[in-house]
Amino acid sequence: VKPYLKWLVIGGVTLALVLVGWGGYKFWQHNREARAQAALEQARPQLSQPDRAEEAIKALDALIRDYPATTAARMAELFKGHLLYQTKKYADAAKTYEKLRSALGSKDSFGWSPFVTESLSYCYEDQGDYPKAAQTLKPLVNQTSGNYQTVLLARLALLDDKAGNQKEAKDAWQRLLSQAQNPALVSYWKEKLGRSPDKAQPKKN
């Protein structure tokens, strides 16, 4: 052992320093998350008071700036997008939701992506950009199932109809009919399907 004692000591010291550093980092991270959560709780009462929306957005912006990439900061972005939408600042709300959706990426441990995507499509719809609203919503429709997919599919059909995408609208109404669970809606969907032509009518000479 003696010839290797020096290296054993160096290795042991290095391992100890790594463990101490890792423990310190985890403690700092936990403490940072706790402070971010406390800041969010302080701003939370303002979120349900429409007359204090501007004040609440400023508090959320400060939290996002001071504690980036924390869980509380992600929640603050979600709340900010909602407040901007409620105050009819649709373009700003869309930017907030786009940023949050990009940050969540494919590793959405919170399960927020469907809600964020749907909210983003509403922002585009209320700006009158129906093609973009439909384009945003369509991937979500294909990723969902059951009653939630039915609700999204009906909205997608309406958006495509407003955007003038008659073929896409017809495809959506047809999908709804094929998976219809509520007989009361069948006649409505058939009516919508009947108004969606297969192709444009040829011009008369």
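**Notes on the predicted model**

1. Asp 129 counts as partly exposed, at 31% relative accessibility, where buried means under 20% relative accessible area, exposed over 50% and partly exposed in between, with a 1.4 Å probe and protein chains only. Asp 129 sits in the loop between helix 5 and helix 6 (130-143), and its C-alpha lies 7.9 Å from that of Ala 163, although the two residues are 34 apart in sequence.

2. On provenance, this is a predicted model, in which local features need pLDDT of at least 70 and side-chain atom pairs count only at pLDDT 80 or more, while totals for chains, interfaces and linings use all residues. Residues are numbered from 1 along each chain as its sequence is written, and side-chain values use heavy atoms, with hydrogens and water left out.

3. The secondary structure of the chain consists of nine helices and zero strands, helices being DSSP runs of H or I with at least four residues and strands runs of E with at least two, numbered from the N terminus. Read from the N terminus, the order of elements is α-α-α-α-α-α-α-α-α.

4. Of the 205 residues in the chain, 34% count as buried. Among the contacts in the chain with a separation of 6 or more, 46% are between residues 24 or more positions apart, a contact meaning heavy atoms within 4.5 Å.

5. Which helix pair has axes that come within 8 Å and cross at roughly 155°? The pair is helix 3 (residues 71-86) and helix 4 (residues 90-104), the axes being lines fitted to C-alpha atoms, for helices over the stretch in contact, with angles running from 0 to 180 degrees between N-to-C directions. Helix 3 and helix 4 are therefore roughly antiparallel to each other, given that angles over 145 degrees count as roughly antiparallel, under 35 as roughly parallel, 65 to 115 as roughly perpendicular and the rest as oblique. The crossing of helix 3 and helix 4 is left-handed, which is to say that the near helix is turned anticlockwise from the far one by less than a right angle. Among the residues that make the contact are Leu 78, Gly 81 and Tyr 85 of helix 3, together with Ala 93, Tyr 97 and Leu 100 of helix 4.

6. The structure holds ten salt bridges, each defined as a side-chain nitrogen of Lys or Arg within 4 Å of a carboxyl oxygen of Asp or Glu. Arg 74, Glu 77 and Lys 99 are linked in a network of such bridges, and these three residues also take part in the contact of helix 3 with helix 4.

7. Asp 171 and Lys 167 meet at 3.2 Å, N to O, and because they are four residues apart in helix 8 (residues 166-178), about one helical turn separates them. Asp 171 counts as partly exposed at 40% relative accessibility, whereas Lys 167 counts as exposed at 53%. Arg 44 and Glu 41 likewise form a salt bridge at 3.2 Å, N to O, with Arg 44 partly exposed at a relative accessible area of 30% and Glu 41 partly exposed at 40%.

8. Phe 115, found in helix 5, counts as partly exposed at 43% relative accessibility.

9. On the backbone, please look at Ala 69, whose phi is near 70°, a positive value in a residue other than glycine. Ala 69 lies in the loop between helix 2 (53-66) and helix 3 and is exposed, with a relative accessible area of 57%. Lys 88, also not a glycine, has a positive phi of about 65°; Lys 88 is found in the loop between helix 3 and helix 4 and is exposed, with a relative accessible area of 62%.
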